[in-house]
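Trainee: I have a model open and would like to go through it. Can we start with the helices?

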Amino acid sequence: MTTATTAPASRAVRDEPRARFTDLLAAEWLRTWSLRSTPWLYALGALAVIGFNAGTAYDHHRYWFQHDGASRKFFVDHRLALMDAFTDNAALVLVLALAAIGAVSVTGEYGSGLVRTTFTAVPARRSVLAAKVLVLAAVSTAFGLFVAAASFASTQAILSGRGAAVSLGDPGVLQVLTASALLAPVAALAGLALGTVIRHTGGSITACFVVLLLLPMVLSDRRHPTAVLRHTLPFSAWDRLRDVALPKPPPELFPWSEAGAWTVYALWALAAGAVAVCAVHRRDQ
C-alpha cells in the first residue's frame, strides 16, 4: 500500500514542467508594473526630463529679443537649438531616475520578502535575473526613446517661433537623440546591478548617485589617470557624444573618440547585466 500510494505523487513531482524563459519574462513584466512606485517614477521622470528641456527652450524664446542681432544669428547659424533638445539638467534627472528604478526593481523584492517566493518557485536564479535584465532594458529603452523624442519635438516647436529650430535630418541630431535615449537603459541596468549587490534601497540609490553622477563631476580631465577614469563613465560618454551639438567643442588635454563613448555605453550595459545575474547566483536570499 505504501508503494502504491507514494509512487504516483513522486512521478507527479518529477513530471511537473519547468518554467520556460518566456514565462519568466511574462512574470517579470507583471511584477514590474505591480510595484506602485514604478509607474510613478517613470511618469515623474518623464515630466521632469521633458520639462527641463522645454523650459530651457522657452527661456530662449521668451528672451530672444534681449540679445543683440549677432548673438541671435550665432544661435541660429550654429544650431544651438540642438543643445536645448537635451540639456545637462535633463540628463542628470534621467540618470538618477532610471538608476533608482533599476535599483528598486530588485531591492523592493528583497525588502518585501517576495524574492524568497520567487526563488522557491524558480530555483534557477540566473534565469530569473536574466529575465529581469531583459525586461528592464526593454522598458527603459522605450522610456528613453519617448523622452528624447518628446523633448526634441517640444523644444523645436517652441524655438520654431523664432526661426531657430533644427530638423531631424540636420547633422548630429540623430546622434544626440540616440545618445540621450540610450542613456536611460544604461543607467537603469547600472542601478539594477548595484541593487543586486547592495540589496538595500537607500544604499543602492546612494551608490548610484555617487558612481553615475558624482564621480563625473569630481574627476578632473586635466590629469591623464583621472581623465581616463572619467572617460569610462556613462554620463561622460553622453557628454562626449553631445559635443557634436557645440559650435566649437572646448579643447581637451586627453581627447577621446565618439566610438570610445559608444563602447562605454555598451560595456556598462553588458557588465551591469552580468553582475546582476552572477551576484544573485552565488549569494543567499
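Mentor: Helices are DSSP runs of H or I with at least four residues, numbered from the N terminus. This is a predicted model, where local features need pLDDT of at least 70, side-chain atom pairs count only at pLDDT 80 or more, and totals for chains, interfaces and linings use all residues. Residues are numbered from 1 along each chain as its sequence is written, and side-chain values use heavy atoms, leaving out hydrogens and water.

Trainee: Which helix holds threonine 107?

Mentor: Threonine 107 is part of helix α6, residues 88-112.

Trainee: Is threonine 107 buried or exposed?

Mentor: Threonine 107 counts as buried because its relative accessibility is 3%. Buried means under 20% relative accessible area, exposed over 50%, and partly exposed in between, with a 1.4 Å probe and protein chains only.

Trainee: What does threonine 107 contact beyond its neighbours within four places in sequence?

Mentor: Gly195, Arg199, His200, Thr201 and Ser204, where contact means heavy atoms within 4.5 Å.

Trainee: Which side chain makes a polar contact with that of threonine 107?

Mentor: That of threonine 201, at 2.9 Å. A polar contact is a pair of N or O atoms within 3.5 Å; within protein, one must be able to donate a hydrogen and the other to accept it, and residues adjacent in sequence count only if both atoms are side-chain atoms.

Trainee: New topic. Where is alanine 43?

Mentor: In helix α3, residues 37-62. Alanine 43 is partly exposed because its relative accessibility is 35%. Its C-alpha lies 9.6 Å from that of phenylalanine 143, 100 residues away in sequence.

Trainee: And what about phenylalanine 209?

Mentor: Phenylalanine 209 sits in helix α10. At 37% relative accessibility, phenylalanine 209 is partly exposed.

Terms used. Helix = DSSP H or I, 4+ residues; strand = E, 2+ residues; numbered from the N terminus.
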